[in-house]
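User: Hi, I have a structure open and could use a quick walk through it. Can we take it piece by piece?

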Amino acid sequence: MPYSEIIDISISLNPETTVYPGNPKIEIEELKSETSASTISKITFGSHTGTHLDAPKHVFENGSGIGVYPLNVFVGTCKVVDCTHESVSVSRETLESMDIQKGDRILLKTKNSGRLRDPFFNDFIFLSPEGASYLASKDVALVGIDYFSIKQKGSTDNRPHTALLEKNIAIIEGVDLQHVEAGEYMLSALPLKFDELDGAPMRAVLMR
Ligand SMILES: [Zn+2]
């Protein structure tokens, strides 16, 4: 079935792309081959750059790399849920008020969307630890959020990562939902095939 609309929810990758503090900036060096006129580029970037997947290895010693996920986690129906009324974090109460079922792919739209190109800011809306535990208890397949971390910056409560990743629930960070209304879509969000790594950038789109 052809889709009438494909919405790009990925962040553009270039040396100016905002990265989480302490993560490497993107570096691109254009190279010219001496034996041909071809242009190739050498790219340096962190595994949590732009729109990207977090794997269990990101927070668990000896945790699995991104290869642990079957591809059907990343492609399929998806619910974009409106959390734009939240001013600190996405609460358990907000999530409980929504129709969230086992196996769902959930993208959390917050006030962060639209600010992804701004310089990094500390007071981004994050997933509350209680909200993460709730989503884990529902056995969803995937949770995405519209900032570079799903966890509050500086917090020692890492449940937004651990509650989800201990159940191999995929986390996508840095989805840009600025121009996306809440509702049901088809999601395609495939990470680059760095199977052993703790995370990898992806091109994510919504279709309907
Ligand atoms: Zn990450």
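Analyst: In helix α2, residues 129-137, the buried residues are Pro-129, Gly-131, Ala-132, Tyr-134 and Leu-135. Buried means that 20 or more other C-beta atoms lie within 10 Å of a residue's own; exposed means 12 or fewer; partly exposed is in between; the C-beta atoms are placed from the backbone. Helices (H or I, at least four residues) and strands (E, at least two) are DSSP runs, numbered from the N terminus. This is a predicted model: local features need pLDDT of at least 70, side-chain atom pairs count only at pLDDT 80 or more, and totals for chains, interfaces and linings use all residues. Residues are numbered from 1 along each chain as its sequence is written.

User: What do the buried residues of α2 pack against?

Analyst: They pack against the helices α1 (92-96) and α3 (159-165). They also pack against the strands β6 (89-90), β7 (105-109), β8 (126-127) and β9 (142-145). Contact here means C-beta atoms, placed from the backbone, within 7 Å.

User: Which residue follows α2?

Analyst: Asp-139 follows α2. Asp-139 sits in the loop between α2 and β9. Its phi is positive, about 55°, although Asp-139 is not a glycine.

User: Why is Asp-139 called partly exposed?

Analyst: Because Asp-139 has 13 other C-beta atoms within 10 Å.

User: And where is Asn-168?

Analyst: Asn-168 is in the loop between α3 and β10 (170-173). Asn-168 is not a glycine either, and its phi is positive, near 55°. Asn-168 counts as partly exposed because it has 15 C-beta neighbours inside 10 Å.

User: New topic. How many residues of β2 are buried?

Analyst: The count is 0 among the 6 residues of β2, so this strand is hardly covered.

User: How do β2 and β3 pair?

Analyst: They pair in the antiparallel sense, over 6 bridges. Two strands pair if DSSP finds at least two bridges between them. Glu-30 stands opposite Ser-41 in β3. A hairpin of 6 residues joins β2 to β3.

User: What about side chains in a strand: where do they go?

Analyst: In a regular strand they alternate between the two faces of the sheet.

User: Where is Glu-34, and is it buried or exposed?

Analyst: Glu-34 is in the loop between β2 (27-32) and β3 (39-44). Glu-34 counts as exposed because it has 5 C-beta neighbours inside 10 Å.

User: How far apart are Glu-34 and Arg-203?

Analyst: In sequence, Glu-34 and Arg-203 are 169 residues apart. In space they are 32 Å apart, C-alpha to C-alpha.

Methods:
Contact = placed C-beta atoms within 7 Å.
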